[in-house]
Amino acid sequence: MDFSLPAATEDIRSRIEDFVAREIVPLEADPASYDDHENIRLDLLDAMRARARAAGLWCIQLAPEHGGLGLGRVGMAACYEEMNRSIFGPAIFNSAAPDDGNMMVLEKVATPAQKARWLAPIARGEVRSAFAMTEPHPGSGSDPSMMLTRAERQADGSYRIYGRKWFITGAAEAAHFIVMARTSDDPRKGLTAFLFHRDQPGWRILRRIAIMGPEEHGGHCELEFDGLAISPEDVLMGEGDGLKVTQIRLGPARLTHCMRWLGLARRCVEIARAYAVERHSFGVALAERESVQMKLGQAAMSIEIGRLLTMKAAWELDRGNLARKEISMAKIQAANTLHQAADMAIQINGARGYSRDTVLEWIYRYARQARLVDGADEVHQMVLNRFLSQEKADFWRWPVAAP
């Protein structure tokens, strides 16, 4: 495995690093930069997106024919990490969840007509999108086989959707949706993915669920479907292919979370180190305290472990593999590393870290969701145990180069 970056990719990464430090990080210190839900306010976001596009750093995850830069997953890992050294970065580069995951799955499986209608406006930054899969108890969460939302086929070939979804990220601001619904009781072919626009009748937002925060644009909403009509041309892939759609979408999307979380973890360490150097107590700088050095060293090692696991998973995806166990390992490591790095940085900064004088408390609250979203830690640990039971000693096999 060789994770050295091609010169062209390193150039993009370096320019993102510079853009984040010069153009985005300074915005975080101004309370006027934030909306009511503690993210970058939308008019400022639009202005900064124009600057990112002008700098040639737009939507790097898509192929050039779809408005992106065509980086592979390894290149994305390096660049996404740099983007999320700022809490505002991913949205500005049009590489934030859930849009990036929706764009990538549409690019991979949508028909040309579907790409023109549903993908292109997201890629241009004209609309935002959402992926509606999770349901309240007793419906589906980490286990999609529990899905209760149903799509009933009509005599004319269209569908009517009935059910409820919740914690649908971005729904309050989204125009384009992918919704998962049950079309049969077949355990493997019982789910179907549908595309719809927010202006279509037959559905509504019941509430924007209050969370610990901060929130992505559009929050996390509970939706009700009461006969939403879907035409046959708005079925993604085909009837019964919903589980396949989720597998194609969620694996890479989980990994992009890891990439971004590692950037935030690095930012926590940077803030902690800077304060430890300047802050003196009992005659010496905090940076000279062995206990502080141990905290920083542990955080640096944990981040590097997360980077290597993320890069290995990205490398496997670039080789055409599903990388399920690699993504699960990266997801667990990156989520826990982010939470630990934020906690460590707050501890070193003391009362300053707990205040809003830095972004650490923002990151700390945001980090807690990382161990839940896209599969709780425990689910991914179960996945890894399943691979271990199947592969036994081969769980740790080395990749072998072709002769």
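These notebook entries record what I looked up in a predicted model of one protein chain.

**Entry 1: overall form.** I began with the secondary structure and found 12 helices and 10 strands in the chain. The radius of gyration is 22 Å, close to the 22 Å that the globule rule gives for 403 residues, so the chain is as compact as a globular protein of that length. I noted that the C-alpha atoms fill a box of roughly 80 × 55 × 45 Å along the principal axes.

**Entry 2: burial and contacts.** I found that 54% of the 403 residues count as buried. I then looked at contacts between residues at least 6 apart in sequence, of which 71% join residues at least 24 apart.

**Entry 3: charges.** The chain carries 50 positive and 53 negative charges, and their mean positions are 2 Å apart. Side chains of opposite charge can pair when their charged atoms come close. I recorded a count of 34 salt bridges.

Entry 4: I looked up R150 and E152, whose side chains meet at 2.7 Å, N to O. R150 is partly exposed at 40% relative accessible area, and E152 is partly exposed at 32%.

D241 and K189 also form a salt bridge, at 2.7 Å. D241 counts as buried at 13%, whereas K189 is partly exposed at 40%.

R356 and E361 meet at 3.4 Å. R356 is exposed at 62%, but E361 is buried at 12%.

**Entry 5: a network.** I found that salt bridges with shared partners join E10, R13, E17, E81, E82, R266, E304 and R307 into one network.

Definitions and conventions. Residues numbered from 1 in each chain as written. Predicted model: local features only at pLDDT ≥ 70, side-chain atom pairs only at ≥ 80, totals over all residues. Heavy atoms only, no water. Helix = DSSP H or I, 4+ residues; strand = E, 2+ residues; numbered from the N terminus. Rg over C-alpha atoms; globule rule 2.2 N^0.38 Å. Buried < 20%, exposed > 50% of the residue type's maximum accessible area, 1.4 Å probe, protein only. Contact = heavy atoms within 4.5 Å. Lys, Arg positive; Asp, Glu negative; His and termini not counted. Charge placed at Lys NZ, Arg CZ, Asp CG, Glu CD. Salt bridge = Lys/Arg side-chain N within 4 Å of Asp/Glu carboxyl O.
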